[in-house]
Amino acid sequence: MSAGRITLIDYEAGNLASLEGALDRLGLAYVRAASPDQATASGPIVLPGVGHFEAARKSLRERGWWQLLPELVAEGRPLLGICLGLQLLAEGSEEAPRASGLGLIPGLVRRLGPGVKVPNMGWCQVRQGSAHPALPDPDGAWLYFVHSYALEPSAETIYLADHGRPFAAVEARGKVLGFQPHPEKSGPAGLGLLQSALAWMGALPVSSEAPCN
Ligand SMILES: NC(=O)CC[C@H](N)C(=O)O
């Protein structure tokens, strides 16, 4: 595992401040990277995301991240997608039928429903799907969601949630992991899961770095 500082991708697609607050509370070292040349040489990459699939995809392409992320993953860099960040890792989304996803996690992102309130904004319980070394059994944890679309579940789905039908709340392939909920907005349970996922990915604590610089 390539241990190192977290590269937090800043492509003006929201939820950065709350994510930085969570990383600060967890005492994890990170850099906010607006462009690929600001990425760290090792360590996990975090792809946040709030908003529309196609707008986020366009913003990532314009900044050079869209082309680079598959290369970094192929080199063994761990990648964590959060909310829209997870959806962008999939093969595509019904939110943007003409735009493909990164395809780093198989499956399609489909609209929630029918017959349920959309967007799903609030707390949902997650349940264990397939065990994974990055995360513990969620033990009925409640996590915070804000979404209208969700990745269809697979045999590898780690955590499942239900909103009219089961969907993948957390999915992984290799060193690529994605959360549909916002762990940084899900209280102590969310912080704990974020810490588990990033520790598994080799994120370094701030304390491991030079005391002063
Ligand atoms: N909170 C969001 O940005 C949601 C992502 C996506 N647009 C969805 O509705 O599922």
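Q: How many salt bridges does a search of the whole structure find?
A: The search finds nine salt bridges, a salt bridge being a side-chain nitrogen of Lys or Arg within 4 Å of a carboxyl oxygen of Asp or Glu. This is a predicted model, in which local features need pLDDT of at least 70 and side-chain atom pairs count only at pLDDT 80 or more, while totals for chains, interfaces and linings use all residues. Residues are numbered from 1 along each chain as its sequence is written, and side-chain values use heavy atoms, with hydrogens and water left out.

Q: Which residue forms a salt bridge with aspartate 10?
A: Arginine 32 does, with the closest N and O atoms 3.4 Å apart. Aspartate 10 is in the loop between S1 and H1 and arginine 32 is in strand S2 (residues 30-33), so the pair links distant parts of the chain, 22 residues apart. Helices (H or I, at least four residues) and strands (E, at least two) are DSSP runs, numbered from the N terminus.

Q: Which residues are linked with Arg32 in a network of salt bridges?
A: Asp10 and Glu20 are linked with Arg32 in such a network.

Q: What about arginine 173, which residue is its partner?
A: Arginine 173 forms a salt bridge with glutamate 156, the closest N and O atoms being 3.1 Å apart. Arginine 173 lies in strand S12 and glutamate 156 in the loop between strand S10 (149-151) and S11, so the pair ties together parts that are 17 residues apart in sequence. Arginine 173 is partly exposed at 22%, and glutamate 156 is partly exposed at 39%.

Q: Changing topic: how many residues does the largest nonpolar core have?
A: That core has 38 residues, and those with the most contacts inside it are Leu80, Leu135, Leu177 and Leu198. A nonpolar core is a set of buried Ala, Val, Leu, Ile, Met, Phe, Trp, Tyr and Cys residues joined through side-chain atoms within 4.5 Å. Among the elements that each supply at least two residues of this core are strand S1 (6-9), helix H1 (16-26), strand S12 (166-173) and helix H5 (187-200). A second, separate core of 30 residues includes Leu47, Phe53, Leu72 and Leu88.

Q: What is leucine 177 in contact with, leaving aside its neighbours within four places in sequence?
A: Its contacts (heavy atoms within 4.5 Å) include Leu80, Leu89, Ile105, His132, Ile158, Glu171 and Met201.

Q: How many aromatic pairs are there?
A: The structure holds two. Rings of Phe, Tyr and Trp (its six-membered ring) pair if their centres lie within 6.5 Å; planes under 30 degrees apart count as stacked, over 60 as edge-to-face and the rest as tilted. Phenylalanine 145 and phenylalanine 167 have ring centres 5.8 Å apart and planes at 85°, so this pair is edge-to-face. Phenylalanine 145 lies in strand S9 and phenylalanine 167 in strand S12, so parts that are 22 residues apart in sequence are tied together. Both residues are buried.

Q: How many disulfides does the structure hold?
A: It holds zero disulfides, a disulfide being a pair of cysteine sulfur atoms within 2.5 Å.

Q: What is phi of cysteine 83?
A: Phi is near 60°, a positive value in a residue other than glycine. Cysteine 83 is found in the loop between S4 and helix H4 (84-89).

Q: Last one: which residue does a cis peptide bond join to proline 114?
A: Glycine 113 is joined to proline 114, with omega about -5°. The peptide bond from valine 118 to proline 119 is also cis, with omega near 5°.

Note on methods. Buried < 20%, exposed > 50% of the residue type's maximum accessible area, 1.4 Å probe, protein only.
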